[in-house]
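Please look over the sequence and the structure shown here, and then follow the walk through some of its parts in the paragraphs below.

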Amino acid sequence: MSGKKHSSLDRVLGRLDTLDPVNLTNLVQRLAREHAVFEDIFNALQEGVLVIDTEGEIEYANTSAQRLIGLGADELTGETLWRLVPGLRPSLGGALDDDAALPVVAREFELTYPEPRLVRLYLVPFRGGGREQSRRFAVILSDITRDKQSTEERIENERTSSVLLLAAGVAHELGNPLNSLTIHLQLMERKLKKLKSSKETESVAESIRICRDEVTRLDGIVSNFLEAIRPQPPDLAETNLGEVLAEVLAFQQRELADRGIILEAETAADLPRVMADRNQVKQVFFNIIKNAVEAMQPGGHLRIRSRADDDNVYLLFGDSGAGIKQEDLVRLFQPYHTTKPGGHGLGLMIVQRIMREHGGQIGIESKEGVGTVVTVQFPRKDRRVRMLTS
Ligand code: ADP
Ligand code: MG
């Protein structure tokens with residue numbers, strides 16, 4: 001509402017008693033229209049909007065607020081916000097009682113009804129309504145359940161890749177010196193055996209044995225560590241790959257948008273089910289999409305399609321990126337093969353391992369300067385057992 005309009009309205013309101021019935025009717029109609037416009041605007045908002053008084057009593061709730069809290073307009077009017085958000089009233093402290101400046105509040109809280117959700121709340125004081133200029137709060141509620149989940153997933157993915165990075169480092173950095181230690185300890189033992197046995201040589205031999213035991217122990221620690229980061233055998237369940245893909249895309253959407261990538265995902269709604277480990281499949285899709293995105297410039301296209309035949313379900317990830325050099329094609333799945341400055345070269349190795357453990361396959365087609373298509377193939381759950389023809 002512009003300040004000018006407001007003050008002209010104020011002027012009219014100031015002359016209320018001088019208005020004739022026609023003008024009064026006009027005024028009432030105008031007010032009703034304006035009220036309806038603002039009501040519409042508030043109801044179009046995705047955020048919940050509440051107006052409460054200093055007792056926490058709810059005077060107004062837009063439709064989003066009603067939906068978030070899970071109560072109708074009737075149930076909400078007269079309800080107090082302090083009851084809905086425990087701990088909010090105490091955090092406002094004594095500020096409500098005296099005439100001191102009211103605080104602005106931002107906090108997160110959980111709603112359990114009608115379903116568990118995480119809500120961010122902003123509470124802003126204002127003075128308004130009527131002559132007495134009573135003190136009120138505007139309350140803005142946003143549903144941040146999804147943000148929170150995707151942040152947690154992001155952290156989880158980043159943790160996975162940093163563990164892999166660490167593992168790659170450990171394998172490289174410890175493997176070589178451990179080998180060299182073993183060889184030199186063996187050499188020392190051999191040389192020692194050629195010397196005349198004495199108390200001295202025996203004590204050196206004992207030290208060498210201790211060193212070899214320790215080297216063996218270190219070797220064991222490294223192998224166990226590498227063992228530990230290997231993916232678990234898949235926990236198979238009936239899975240709709242389209243759903244899993246949608247989840248991964250929702251999570252990567254922001255990165256796609258930030259990099260100016262145009263996404264065209266057309267997967268069949270009736271894609272046959274496969275037996276798969278949802279989390280591992282997510283890891284597969286995540287890695288493939290990430291590689292595609294990293295190969296493209298802003299304006300690049302990521303095209304995802306699905307296909308099924310009697311035996312398999314296929315997902316195709318096509319990008320318009322840099323493509324892969326012919327000589328690199330054979331090394332794609334090798335651990336630590338990367339052409340990226342910050343890459344660790346483990347993504348496709350993991351994808352391949354997971355696909356194999358699912359009885360599936362991964363295929364890559366690429367044209368340098370044109371783009372790459374990565375195809376993953378999963379056996380259908382209802383795969384027909386081929387009859388031997390007589
Ligand atoms: P990283 O991403 O850490 O390099 P990956 O195993 O995920 O390791 O991939 C290995 C290499 O394969 C990449 O460095 C890149 O050279 C190549 N590659 C994978 N996917 C694509 C793609 N869609 N387009 C172009 N090159 C790709
Ligand atoms: Mg990668």
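**Rings, ligand and strand**

F251 is buried, with a relative accessible area of 8%, where buried means under 20% relative accessible area, exposed over 50% and partly exposed in between, with a 1.4 Å probe and protein chains only. This is a predicted model, in which local features need pLDDT of at least 70 and side-chain atom pairs count only at pLDDT 80 or more, while totals for chains, interfaces and linings use all residues. Residues are numbered from 1 along each chain as its sequence is written, chains are lettered from A and ligands numbered from 1 in the order in which they are written, and side-chain values use heavy atoms, with hydrogens and water left out.

A search of the whole structure finds three aromatic pairs, a term for rings of Phe, Tyr and Trp (its six-membered ring) whose centres lie within 6.5 Å, with planes under 30 degrees apart counted as stacked, over 60 as edge-to-face and the rest as tilted. F251 and F286 form one such pair, which is tilted, with 5.9 Å from centre to centre and 35 degrees between the planes. This pair links distant parts of the chain, since F251 belongs to helix α9 (residues 241-258) and F286, 35 residues apart from F251, to helix α10 (residues 278-295); helices (H or I, at least four residues) and strands (E, at least two) are DSSP runs numbered from the N terminus. F286 also counts as buried, at 16% relative accessibility.

Turning to ligand 1, 18 residues lie around it, of which N291, T338, T339, K340 and L348 come nearest, a residue being near if one of its heavy atoms lies within 4 Å. By class, this shell has six nonpolar, ten polar and two charged residues, where Ala, Val, Leu, Ile, Met, Phe, Trp, Tyr, Cys and Pro count as nonpolar, Asp, Glu, Lys and Arg as charged, and the others, Gly among them, as polar. The largest share of the shell, three residues, comes from α10.

Polar contacts, which are pairs of N or O atoms within 3.5 Å, also involve this ligand. A polar side-chain atom of T338 lies 2.6 Å from an oxygen atom of ligand 1, whereas a polar side-chain atom of D319 lies 2.9 Å from a nitrogen atom of ligand 1.

Elsewhere, S306 has its place in strand β9 (residues 301-308) and is buried, with a relative accessible area of 18%. S306 and V376 are 70 residues apart in sequence, while their C-alpha atoms are 9.7 Å apart in space.

Technical notes:
A polar contact is a pair of N or O atoms within 3.5 Å; within protein, one must be able to donate a hydrogen and the other to accept it, and residues adjacent in sequence count only if both atoms are side-chain atoms.
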